[in-house]
Amino acid sequence: MKKVILAAVVMICCCSVLWAQSRNDQMKKNPNNADVQKDNDFAQKALQAGQSEVNMGQLAQSRGSSQEVRDFGMMMVNDHKKANDQLRELTQQRGYSNLSLKVTDMAQKDYDQLMKASGTEFDKAFANQMVKDHEQVVDLFRKQAENGKDEELKNWAAQTLPTLEKHLGHAKRLQESVKKHR
């Protein structure tokens with residue numbers, strides 16, 4: 001029985017590798033394939049946005065003046081690391097390549113601006129940034145969930161979307177809360 005299970009696991013692994021290689025070959029042969037490129041672009045943007053939220057969350061944990069901001073930062077780190085890990089695993093299985101966790105220049109600029117703030121000024125700037133970032137990422141994920149061509153990537157976006165919407169609601173409440181602080 002163990003041999004049968006082992007053989008099945010090996011066969012599944014081999015099929016997965018072959019399928020991923022086939023998809024990678026398809027992307028190399030036809031890099032202008034609009035559907036493949038859109039899915040690849042989504043995956044890249046999602047990874048970058050996730051890494052940006054991890055970075056911002058770490059910053060909030062160390063520089064936030066209120067416990068509320070530090071707690072939100074911790075949630076960003078935990079949830080976005082988990083989502084990025086899931087997405088990286090999925091994209092590797094699906095044969096996507098050349099994806100990077102390097103944040104965009106704009107995200108780095110936003111981070112650098114936050115680094116200059118402290119105290120309640122930091123808390124307010126961080127909350128505003130979280131609302132802005134999450135409005136953009138919710139839109140990105142909603143479009144993928146509705147229009148993505150890679151069914152597994154589309155389903156992952158749809159499953160992740162409620163968490164991102166929860167983050168957006170939480171960020172808006174945080175934004176209102178820190179406005180009251182002097």
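Here are legends for a few close-up views of this predicted model.

View 1. The protein has 6 helices and 0 strands, in the order α-α-α-α-α-α from the N terminus. Helices here are DSSP runs of H or I with at least four residues, strands are E runs of at least two, and both are numbered from the N terminus. Of its 182 residues, 42% are buried, meaning under 20% relative accessible area with a 1.4 Å probe, protein chains only.

**View 2. Here's the largest nonpolar core, with 35 residues.** A core like this is a set of buried Ala, Val, Leu, Ile, Met, Phe, Trp, Tyr and Cys residues joined through side-chain atoms within 4.5 Å. Phe 72, Phe 122, Phe 126 and Phe 141 have the most contacts inside it. Helix 2 (34–63), helix 3 (67–94), helix 5 (119–147) and helix 6 (151–179) each give two or more residues to this core.

**View 3. Zooming in on Phe 126 and its contacts.** Skip the neighbours within four places in sequence, and Phe 126 is in contact (heavy atoms within 4.5 Å) with Met 56, Ala 60, Val 69, Phe 72, Gly 73, Leu 114 and Leu 174.

**View 4. Helix 5 packs with helix 6.** Their axes, lines fitted to C-alpha atoms over the stretch in contact, are 8 Å apart. The angle is about 160°, on a scale from 0 to 180 degrees between N-to-C directions. That makes the pair roughly antiparallel, a label for angles over 145 degrees.

**Notes.** Residues are numbered from 1 along each chain as its sequence is written. Local features need pLDDT of at least 70, side-chain atom pairs count only at pLDDT 80 or more, totals for chains, interfaces and linings use all residues, and side-chain values use heavy atoms, leaving out hydrogens and water.

Methods: Buried means under 20% relative accessible area, exposed over 50%, partly exposed in between (1.4 Å probe, protein chains only). Angles under 35 degrees count as roughly parallel, over 145 as roughly antiparallel, 65 to 115 as roughly perpendicular and the rest as oblique.
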